[in-house]
Amino acid sequence: MSARILVAEDDEKQSRLIRIYLEREGNAVQVVADGRAALEKARSIRPDLIVLDVMLPYVDGLDVCRILRTEPGTEDVPILLLTARTTEEDMLLGLDLGADDYLTKPYSPRELTARVRALLRRAKKSASAGTTLLRVGEVELDTARFEVRVAGRPVALTSKEFSILESLAREPGRVFTRAQIIERVFGFDQDVLERTVDAHVMNLRRKLEAPGRPRLLETVYGRGYRLADET
């Protein structure tokens with residue numbers, strides 16, 4: 001699977017290692033060392049995927065992510081965050097700003113390439129899908145236009161949030177375990193991703209539901225998550 005990948009990493013040793021592993025997969029890789037250059041390069045080449053370090057000079061990775069998510073041409077580019085921050089708050093912030101996945105340092109280059117492959121597969125599948133309109137109660141998804149409405153109100157989701165919601169909406173009422181969500185959305189099985197699923201679901205619930213009144217996206221304790229079938 002060949003793709004244009006932008007790597008924004010200010011550690012020269014790390015960026016060189018990432019380039020080597022991603023180029024072995026047949027990808028065309030460009031590397032920049034600061035956030036300002038990351039924004040300029042992303043706008044000019046419109047990559048298929050961005051590997052983005054959080055701690056970048058001039059403009060940090062979280063701001064780069066936030067800015068790219070608001071601009072035409074980069075708003076739906078998959079973003080994989082690399083971070084040394086391991087708290088749940090930091091993870092949620094990155095996902096809330098639009099990142100599709102994250103890796104905490106130190107990480108295995110093989111895991112990084114596996115995450116990249118999964119993100120690229122998902123993006124390719126979404127791009128090739130025909131127009132499909134899904135309705136579950138008040139929730140409406142247009143998978144071709146990447147649009148979501150709840151009771152007629154437009155809701156902005158990241159690509160991973162959209163993919164999770166789409167999986168649940170295709171089988172409303174069914175309980176999906178975290179492992180099943182990982183397999184469908186992330187494309188490979190990693191136990192470390194269970195917290196990522198929880199974080200995405202928390203963000204989804206905050207965007208879809210009234211505060212303190214979850215009724216659409218339900219947690220089935222000890223099992224997983226489901227989209228309430230209101231039909």
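Helix α3 (residues 61-68) lies across β3 and β4 and runs at about 150° to β3. This is a predicted model. Five strands form an open, parallel sheet. Helix α2 (residues 35-45) packs with α3.

**Sheet**

- The strand order is β2-β1-β3-β4-β5, and the pairing is parallel.
- The edges are β2 (28-32) and β5 (101-104), each of which pairs on one side only.
- Direction ignored, neighbouring strands of this sheet are turned by 15° against each other on average.

- Strand β3 covers residues 49-53 and strand β4 covers residues 79-83.
- Four bridges join β3 to β4, and the two run parallel.
- Within this pair, Val51 stands opposite Leu80 in β4.

**Packing of α2 and α3**

- Two packed helices are described by the angle between their axes and the distance between the axes.
- For α2 and α3 the angle is about 25°, and the axes are 9 Å apart.
- Angles under 35 degrees count as roughly parallel, so α2 is roughly parallel to α3.
- The crossing of α2 past α3 is right-handed.
- From α2, the contact uses Gly35, Ala38, Leu39, Ala42 and Arg43.
- From α3, Val64, Ile67 and Leu68 take part.
- By class, this contact of α2 with α3 has six nonpolar residues, one polar and one charged.

Definitions and conventions:
Residues are numbered from 1 along each chain as its sequence is written. This is a predicted model: local features need pLDDT of at least 70, side-chain atom pairs count only at pLDDT 80 or more; totals for chains, interfaces and linings use all residues. Side-chain values use heavy atoms; hydrogens and water are left out. Two strands pair if DSSP finds at least two bridges between them. Axes are lines fitted to C-alpha atoms, for helices over the stretch in contact, and angles run from 0 to 180 degrees between N-to-C directions. Contact means heavy atoms within 4.5 Å. Angles under 35 degrees count as roughly parallel, over 145 as roughly antiparallel, 65 to 115 as roughly perpendicular and the rest as oblique. A crossing is left-handed if the near helix is turned anticlockwise from the far one by less than a right angle, and right-handed if clockwise. Ala, Val, Leu, Ile, Met, Phe, Trp, Tyr, Cys and Pro count as nonpolar, Asp, Glu, Lys and Arg as charged, and the others, Gly among them, as polar.
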